[in-house]
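Please look over the sequence and the structure shown here before reading on. The report that follows goes through selected features one topic at a time.

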Amino acid sequence: MDNWNVLAAQTSSQAIGRDDPGAAGKTRLTIEKLPDKVLLHIFSYLSHREICRLARICRRWRQIAYDTRLWKNVSLRPEVSGLHVGSLEMLLQLISVRFGPTLRYIELPIELITHTVLHELSAKCPNLTHMLLDFSTAMQLHDFSEMQAFPTKLRYMCICLSEVIFMEGFMRKIYNFINGLEVLHLIGTYEKCEEEEEEIYEVINVHKLKSATPNLRVINLYGINFIDDSHIDAFSSNCIQLECLAVNFCNKVTGSTLKTLIQRSKRLTCLLMNGTSLKSEFVMQAEWDKCALQELDITATDLSTECLVDMLTRIPSLKFLSAGQINGFNDSVLKQWVESGVTRSLISLDLDSSDNITDEGLLKFLQRQGHQLSACCLSGMPHITDQLWMSILPLLGNCKIIVMGTAEKLGVNIHVDQLMDTIASNCGNLERLELRWDPDNLRFSDKSQKAIDILRVKCLKLRCMVLSDGRYYETVKANFERADRITVVRTTTCCRVSPYHLLRNYNDLIFN
């Protein structure tokens, strides 16, 4: 016992010594006392722009900031990363000195995409596997006639296309180097397009590209105004490994080659066709009962009720369905789909803005399927208020993603305190939540802090909660920030929750 008292006394005296302002300076710890490997680990949590600022502090920090291990994933697009390289000579020096063999991913804007830069990347960065080339603002391409080398180990390539610049001269030079590609993104100018285009340019030759990339698993053709069914047919004829095909916002796609695609691509499990011009007669011709499809997005298409019933009741193992903004999607589709017995695998359902589905139809469907859902998105429907959600939420005990509400002003009020209580009581696994209701429709009391507290304490996995900007948003945000969870609460102005997080190839589909 005496020994314990001696140890306690020694510990106390040491602690007093440390706290004593007059104690020897050698007992005081500052960040300068940390070893280099600890500082390097701290720096790894910072953005490259912040690391560049810290390099100005002192010689030691500059040396750590330039450690190649901090520069594995680099974006040189100023609008994305804040990094701006002033000249090609500076970039060539960076590639040689700072990036080197550790570089895995790089993003280059149009002014830095030259044959000299690509030669240097090929020679000095042998482990480069991911590359993004941004031609979107190009009015003129550099001369690539002398290009003889290109990174050969690429597994992921994203090309942001220009509206008017023909890129076949550049592509012809790289065809021999990209046959190992597994993930390809071609990003179009969907957001820049006007409703009436005078002329549509095919700025890249997809039929030649598909011959150079036989090992593609994931193809994402996003918002490209010249992509049509013939291009889908071309990829399916050569890419036997194809698992995921996304043609979101390619409005010339009608589905005329879907039958061939399903027949050829036996490994195809994900098909995303949001905002396309699918025609019901083409969709019904496909042999859905023989496909391996598990994930399907047909949002904002004009498919008929008959077509939806025919397709959904024939896909044997569908796990993920996004079918919002379709007038033909109604109670009859839900009823026949669940009665067909093929919904046993369903884990994600997005019916955003499906006004022809009634409260009763939704409740009946979720009473049978709700327990197995990991994502449920019933937003954009004014008739789905908090009263129906109070009935639905007890059925969604396994949900990780929930989206509710509409931005339209309603004639009824949403009692958000009761809603928060119900979510906290039933959805302990919740990770992402969005309430899109207009702030003027939200009603909450002085006791709302208690409801928010319960939600925060019971839903410990919650990493993102999105609300419309207003008084209630400020209240919730302040509550979470007091609990040191400062990144959880966000506004619909800059953030939206999507069930796409559940896609098996989600990480491969991400692009800037």
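## The largest pocket

In this predicted model, the largest pocket has a volume of about 980 Å³. A pocket is found on a 1 Å grid over the protein atoms alone, as an open set of points where a 1.4 Å probe fits, with protein on both sides within 12 Å along at least five of seven lines, and its lining residues have an atom within 4 Å of a point. Grid points are joined across faces, edges and corners, and the volume is the space filled by probe spheres set on the points.

The lining of the largest pocket counts 32 residues, and the closest to the pocket centre are N274, R496, V497, S498 and Y500. At least two lining residues are supplied by each of β6 (218-222), β12 (375-379) and α20 (506-509).

## How to read the values

Residues are numbered from 1 along each chain as its sequence is written, and side-chain values use heavy atoms, with hydrogens and water left out. As the model is a predicted one, local features need pLDDT of at least 70 and side-chain atom pairs count only at pLDDT 80 or more, whereas totals for chains, interfaces and linings use all residues.

## Overall make-up

The protein has 20 helices and 18 strands; helices (H or I, at least four residues) and strands (E, at least two) are DSSP runs, numbered from the N terminus. The C-alpha trace spans about 85 × 70 × 45 Å along its principal axes. Of the 512 residues, 49% count as buried, where buried means under 20% relative accessible area, exposed over 50%, and partly exposed in between, with a 1.4 Å probe and protein chains only. Among contacts (heavy atoms within 4.5 Å) between residues at least 6 apart in sequence, 79% join residues at least 24 apart.

## Domains and the F-box record

The domain assignment gives domain 1 (34-70) and domain 2 (347-511), and such bounds come from an automatic or database assignment. The C-alpha centres of domain 1 and domain 2 lie 40 Å apart.

An unreviewed UniProt entry places the feature "domain: F-box" at residues 28-74; UniProt positions are given in the numbering used here, feature names are shortened, and annotations may be inferred rather than shown by experiment. Over residues 28-74 the chain is 47% helix and 4% strand, with the end C-alpha atoms 37 Å apart.

## Helix α7 and its cover

Helix α7 covers residues 115-124, and its buried residues are H115, V117, L118, E120 and L121. What covers these buried residues includes the helices α6 (88-99) and α8 (168-174), together with β2 (105-109) and β3 (130-134).

## T343, a buried loop residue

T343 is placed in the loop between α14 (331-339) and β11 (348-350), and this residue is buried, with a relative accessible area of 2%. Leaving aside neighbours within four places in sequence, T343 is in contact with W337, V338, Q369 and Q372. With Q369 there is also a polar contact, side chain to side chain, at 2.9 Å; a polar contact is a pair of N or O atoms within 3.5 Å, in which, within protein, one must be able to donate a hydrogen and the other to accept it, and residues adjacent in sequence count only if both atoms are side-chain atoms.

## Two loop residues with positive phi

Most residues other than glycine have a negative phi. F249, in the loop between β7 (244-246) and α11 (258-264), has a positive phi of about 65° although it is not a glycine. A300, which lies in the loop between β9 (295-297) and α13 (305-312), likewise has a positive phi, near 60°. A300 is partly exposed, with a relative accessible area of 30%.

## P439 and R443

P439 is in the loop between β15 (432-435) and β16 (442-443), and at 29% relative accessibility P439 counts as partly exposed. Leaving aside neighbours within four places in sequence, P439 is in contact with S468, D469 and G470. P439 and A407 are 32 residues apart along the chain, and their C-alpha atoms are separated by 8.9 Å.

R443 lies in strand β16 and counts as partly exposed at 38% relative accessibility. With neighbours within four places in sequence again left aside, R443 is in contact with N413, I414, H415, V416 and D417.
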